[in-house]
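This briefing is for a reader meeting the structure for the first time.

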Amino acid sequence: MIQIHARAKVNLYLKVLGKRPDGYHAIDSVMMRVPLADTIRIRPAPDGEIAVSGVQGVPEESNLAYRAAMLLKKASGSGEGAQIEIEKHIPMGSGMGGGSADAAAVLNALNRLWNCGMSREDLSALAADIGSDIPGMIWDCPVHVEGRGEIVHPVPDWPVPDVSRLVLQTPPVFASTPRVYSEFRMSDCGVCKNDLQPAACRLYPQIAETIANLTNQGCQNVLMSGSGSTVFAFRP
Ligand code: C5P
């Protein structure tokens, strides 16, 4: 059995450049990992089956970790299987890439366990098929992402803020990424360092309240992550 930690991310900035013909939005963002993490336990399954447990309310076939394992099995031609148990700590619909972190961690772990011999670049390219945030989360270091998120440049020397002063606050709303993107207007751009924040605040007023509360508490660089709902900030 191996145990791994799949760390959440926050977007230090997120620019939306426009809507693409395929319906996705072109973005420019830097993601950094934060200490909050899901715990994943993986046991080999000699019968070749893939099974995922521990995530409530998501059918196995839609679970990103399950889809990642199936994708790697198919791409590598491996006959191995895995029992994957996920202990969730990263809230869902929170803009911290919880499902994507799990999928990326599973790809990295099974690549080693099954001796697939794929590079991080290979895994990242594979991951783009199942979600725009997963390619960037194959790396642990800060990454600059472009395209719909699948063009990844690791930026290990990016000047990341001091995580010991990091505050993460997730209001009790599931922010739907497709809903936030469809509410987004180009006129939202430049209001703050996350172009999706105005749209998310219009849809989910609790996010605006969380931003106001943290600002009033004297926190610095108060910003929503991804498509919300988490707001992160730094204690003075
Ligand atoms: O890639 P992923 O499945 O995470 O995206 C979920 C949805 O979010 C997409 O179907 C799309 O509506 C929206 N999205 C977008 N532009 C992006 C990423 C996601 O419009 N760059």
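The largest pocket has 50 lining residues, and those nearest its centre are Leu64, Ser100, Asp133, Thr177 and Pro178. Strand S1 (2–19), strand S2 (25–45), helix H1 (64–76), helix H2 (98–113) and H5 are the elements that each give two or more residues to that lining. The model is a predicted one. The ligand sits in this largest pocket.

**Largest pocket**

- The volume of the largest pocket is about 1200 Å³.
- Its lining is made up of 20 nonpolar, 22 polar and eight charged residues.
- Thr177 and Pro178 are among the lining residues nearest the centre of this pocket, and both also belong to the residues around the ligand.

**Ligand surroundings**

- Around the ligand are Gly23, Tyr24, His25, Gly131, Ser132, Arg148, Thr177, Pro178 and Tyr181.
- By class, this shell holds three nonpolar, five polar and one charged residues.
- Helix H5, which spans residues 177–183, gives the most to the shell, with three residues.

**Ligand contacts**

- The side chain of Ser132 has an N or O atom 2.5 Å from an oxygen atom of the ligand.
- The side chain of His25 likewise places an N or O atom 2.8 Å from a ligand oxygen atom.

**Second largest pocket**

- The second largest pocket holds about 210 Å³ of space.
- This pocket is lined by 14 residues, with His5, Ala6, Ala105, Asn108 and Asp140 closest to its centre.
- S1 and H2 are the elements that give two or more residues to this lining.
- H2 gives the most, with five residues.
- The lining of the second largest pocket divides into seven nonpolar, two polar and five charged residues.
- S1 and H2 are also named among the elements that give two or more residues to the lining of the largest pocket.

**Backbone geometry**

- Most peptide bonds are trans, and most residues other than glycine have a negative phi.
- The peptide bond that joins Gly228 and Ser229 is cis, with omega at about 15°.
- Ser229 is located in the loop between strand S8 (220–224) and strand S9 (231–234).
- Asn115 is not a glycine, yet it has a positive phi of about 50°.
- The loop that holds Asn115 runs between H2 and helix H3 (120–127).

Technical notes: Residues are numbered from 1 along each chain as its sequence is written. This is a predicted model: local features need pLDDT of at least 70, side-chain atom pairs count only at pLDDT 80 or more; totals for chains, interfaces and linings use all residues. Side-chain values use heavy atoms; hydrogens and water are left out. A residue is near a molecule or strand if one of its heavy atoms lies within 4 Å of it. A polar contact is a pair of N or O atoms within 3.5 Å; within protein, one must be able to donate a hydrogen and the other to accept it, and residues adjacent in sequence count only if both atoms are side-chain atoms. On a 1 Å grid over the protein atoms alone, a cavity is a set of points where a 1.4 Å probe fits but cannot get out, and a pocket is an open set with protein on both sides within 12 Å along at least five of seven lines; lining residues have an atom within 4 Å of a point. A molecule sits in a cavity or pocket if more than half of its atoms lie within 2 Å of its grid points. Helices (H or I, at least four residues) and strands (E, at least two) are DSSP runs, numbered from the N terminus. Ala, Val, Leu, Ile, Met, Phe, Trp, Tyr, Cys and Pro count as nonpolar, Asp, Glu, Lys and Arg as charged, and the others, Gly among them, as polar. Grid points are joined across faces, edges and corners, and a volume is the space filled by probe spheres set on the points.
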